[in-house]
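Trainee: I would like to learn how to read a model of this kind, one feature at a time. Could you take me through it slowly?

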Amino acid sequence: MAITWGDMYSLSMLSAAVAAIMMGLAYAIGRMFDNPKFTVWAKTEIFQVAASIVMVFLALFLVGLVGLDSSASFSMDAGWINAYSSGTAAYAHPAIKTDDNVFQVSEKYLQNMAYFSHQAVRGSRAMLGAMDEFSKYTRTPCVPPWLMCLMGVNGVNVRPLAGGAVFVQTSNLMLYSSTTAYLTVLAQIFFLKFIQSGLVVAYLPMAIVLRSLPFMRQAGGALLAICFSLFIVFPLLVFVESAFWNPYDWVASSTGVGGKNVLENMNDFVGIEGKESQLAYGDLFFGTVSGADWVFKDIPEGYSGNKTIDYNQPLIMFNAAAFLSSVFMFTFNITAVTAAASVFARLLGSEVDLSRLVQIV
Amino acid sequence: MKIALLSLLVLLSLSFAAPLIIPPVILPSANWQTPAILAAFAALGVLLILYLLGFFFDSAEMRTLARQEMWQVFVTMFFIVFFIALEAYSSSTLSSAFSDVFGGAVGNHVDFALKVSQDLSDKQWESLSALSKSLTIPLGSMASASGTCNIMGSSFSYTGCGGIQVPFASLTFATNALVSAMLVNNSQTFLIQLASSFFFPVLLPIGLFFRCFQFTRGAGGLLIAIAVGFYFIYPFSVILTWGMAKKAADTAGIPAYGPEAGDYPSFDYPVEMFAKSFDTFEIKSECNPLDMDPKAARHESERLTGDSGDSLVDPLVYQFFIEGLFTTMLNLLITLTAIRGLASIFGAEVDISGLARIS
């Protein structure tokens, strides 16, 4: 059975009631045995229950603020950061609306990053495929052609574009880095989804009970700190990044080949917005197909007309942007979450070390 | 006293009513000063409220705590002034000084570093493209040639140019390294852009705000250290290492990449599917398998190790391994080391080795 955020209030109150009953029992035992240790302990601990309830309700308010609780009447949305930057307006895969809450913006931003990284994957794979095919094209002598090759295939067999195999390896390298970037973004999306609906939800009520028990106070504080940093800090970080870091802008402002920018080059090359260019493989054999993005055969003409090789430059730039936007940013986000958890935990009188989360990357 | 503080608290909110002067899209020349100053004022406002609550609850401890923390607001203000001065100094003096010593663009340190990084990337691609189109690909293609003799169903093939696969394999390995260097160098460019568009204008104000409070000082210190490290240390490191590498190349007499046309192998690319006449028994190439020349492969290998190697291998190795891979790694290591030091100065106790790991 799924636990909804609405249930959290009831569960938190129930946990607080359980903790209060435990304090009451301790107090009653203290009175029954006329033992002041119990009564003093119960009186002291009841304040901790109150403190935990305040913290949990503060956490629940913040959870509503970031949009995790859809029934919350007050929440942040994309319009808040659009006042400072039009960054979120630039996304299209999918578009971010001004009334999207923090989690929706974060998820859509990550989906845009996933699209970006996926485009890098497609570009690398397209280069790999093109170079592989080019390098395997074999030219066989057929003499004389006007006599149906009556004299067989005597002469020199050659794979005129075999040297293109050099870029098969480099494409493999780029495919590896772009796939890593893509998987890292997907990991972030699922991490966000886990936060949104995962087991962490159950930690808050548990934290109240644990924090009310003297020997478990540190564990309860740690749980609360983890909840704060995961529910609030991580999505907020991604939310802010969405407005101030847009790799689409940067690659669009970088010069590519053929008088176009890097983003346009990539769109042309992987054919997401122009699939017809992939059909130009036929150029290898007939040299007449239009859409000469894949032309390799111009090499002898001063080594200058080769578009496919030249596409490596924007591809490398695109891969670098994809790697930085996903792997580096994820590492940075996790580092910030670790710091936040540590700060919150100290505030609650416990110690939390989430630095091992960085190893996810 | 209380009335004065209350009045100040009311006035503070007016600072947030100032018209937004942040450009719609935050780009390298982002305005970070306004958010930073607002962050300091916001922290002051919070502490004032805490101080007044101390009166309300009649808590001397709360008032003392608020008073102590207010010093941190002044420290924060000092940081802001220091960063403004450092940025101005870098634009007016440091960048010019670097430009005088090493040559190159003049602007602030971020623009300078970006220009250096982008120029290096363009230069790398120029060299890699020329190498590939003029040497690597012709060699690989030449190596694929084989002579075939077919009589009455019996055939004989001789891969007389197959030995050229050896220098081709070396060049393939080299190209892989060159592309790695380009990937790293382009990442450096984007990292500088990230620092100037996100780390400094966004993280610094947040860090300054957090640093004003005892419990969040660690997180604030970390954010300030990252922002300062990537905005100041990293670009300066890029400029310095580039300048040093440039000077070293001049001192060592490493020539610019640019073999003469005669240094390249000649290979005619027969692109038609079938040979069209008896002339095409052979192909126009330095290596013809029908010649059965045993020294063909050695001759092509000498392009890398012979006389032309000076203008081919040396500049490439220097350009990609020193200017491309080594300096970019060094820049990141310098920055992360500096961040570690700065973080402890600013009061953070967080391990940032994760960031170092991806370098």
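**Two helices side by side**

Mentor: Let us begin with a pair of helices in chain B, where B:Leu86, B:Phe98, B:Val101 and B:Phe102 in α3(B) meet B:Phe232, B:Ile239, B:Gly243 and B:Lys246 in α6(B). Please keep in mind from the start that this is a predicted model.

Trainee: How do the axes of helix α3 and helix α6 of chain B cross?

Mentor: Two packed helices are described by the angle between their axes and the distance between the axes. In this model, the axes of helix α3 (residues 60-102) of chain B and helix α6 (residues 217-252) of chain B come within 11 Å and cross at roughly 10 degrees. Because angles under 35 degrees count as roughly parallel, α3(B) is roughly parallel to α6(B).

Trainee: Is B:Val228 buried or exposed?

Mentor: B:Val228, which is found in helix α6 of chain B, has 28 other C-beta atoms within 10 Å and is therefore buried, since the cut-off for a buried residue is 20 or more. B:Ser344, in helix α8 (residues 309-345) of chain B, has 13 other C-beta atoms within 10 Å and is therefore partly exposed.

Trainee: Which residues of helix α7 of chain B are buried, and why do they lie on the same side?

Mentor: An α-helix has 3.6 residues a turn, so residues three or four places apart point the same way. In helix α7 (residues 296-305) of chain B, the buried residues are B:Ala296, B:Ala297, B:Glu300 and B:Arg303. They lie on the same side of α7(B) because they cover an arc of only 105 degrees around the axis. These buried residues pack against α4 (109-143) and α5 (165-211) of chain B.

Trainee: Which residues have the most contacts inside the largest nonpolar core?

Mentor: The largest nonpolar core has 181 residues, and B:Phe199 and B:Ala227 have the most contacts inside it. Leaving out residues up to four places away in sequence, B:Ala227 touches B:Phe199, B:Phe200, B:Leu203, B:Leu204 and B:Gly207. There is also a second, separate core of 5 residues, among them A:Ala16, A:Ala19, A:Met23 and A:Val49.

Trainee: How many helices and strands does each chain have?

Mentor: Chain B has 9 helices and 2 strands, and along its sequence they follow the pattern α-α-α-α-β-β-α-α-α-α-α. Chain A comes to 12 helices and 1 strand. Buried residues make up 42% of the 359 residues in chain B and 50% of the 361 residues in chain A.

Trainee: Where in chain A does pLDDT stay under 50?

Mentor: Where pLDDT is low, the predicted coordinates should not be read in detail. In chain A, pLDDT stays under 50 over residues 272-305. Among the elements of this chain, helix α10 (residues 283-286) has the lowest mean pLDDT, 38, while helix α5 (residues 166-197) has the highest, 90. Chain A as a whole averages a pLDDT of 76, and 80% of its residues score at least 70.

Key
Residues are numbered from 1 along each chain as its sequence is written. Chains are lettered from A and ligands numbered from 1 in the order in which they are written. This is a predicted model: local features need pLDDT of at least 70, side-chain atom pairs count only at pLDDT 80 or more; totals for chains, interfaces and linings use all residues. pLDDT is the predictor's confidence in each residue, from 0 to 100. Helices (H or I, at least four residues) and strands (E, at least two) are DSSP runs, numbered from the N terminus. Two residues are in contact if their C-beta atoms, placed from the backbone, lie within 7 Å. A residue is buried if 20 or more other C-beta atoms lie within 10 Å of its own, exposed if 12 or fewer, and partly exposed in between; C-beta atoms are placed from the backbone. The arc is that of the directions from the helix axis to the C-beta atoms. A nonpolar core is a set of buried Ala, Val, Leu, Ile, Met, Phe, Trp, Tyr and Cys residues joined through C-beta atoms within 7 Å. Axes are lines fitted to C-alpha atoms, for helices over the stretch in contact, and angles run from 0 to 180 degrees between N-to-C directions. Angles under 35 degrees count as roughly parallel, over 145 as roughly antiparallel, 65 to 115 as roughly perpendicular and the rest as oblique.
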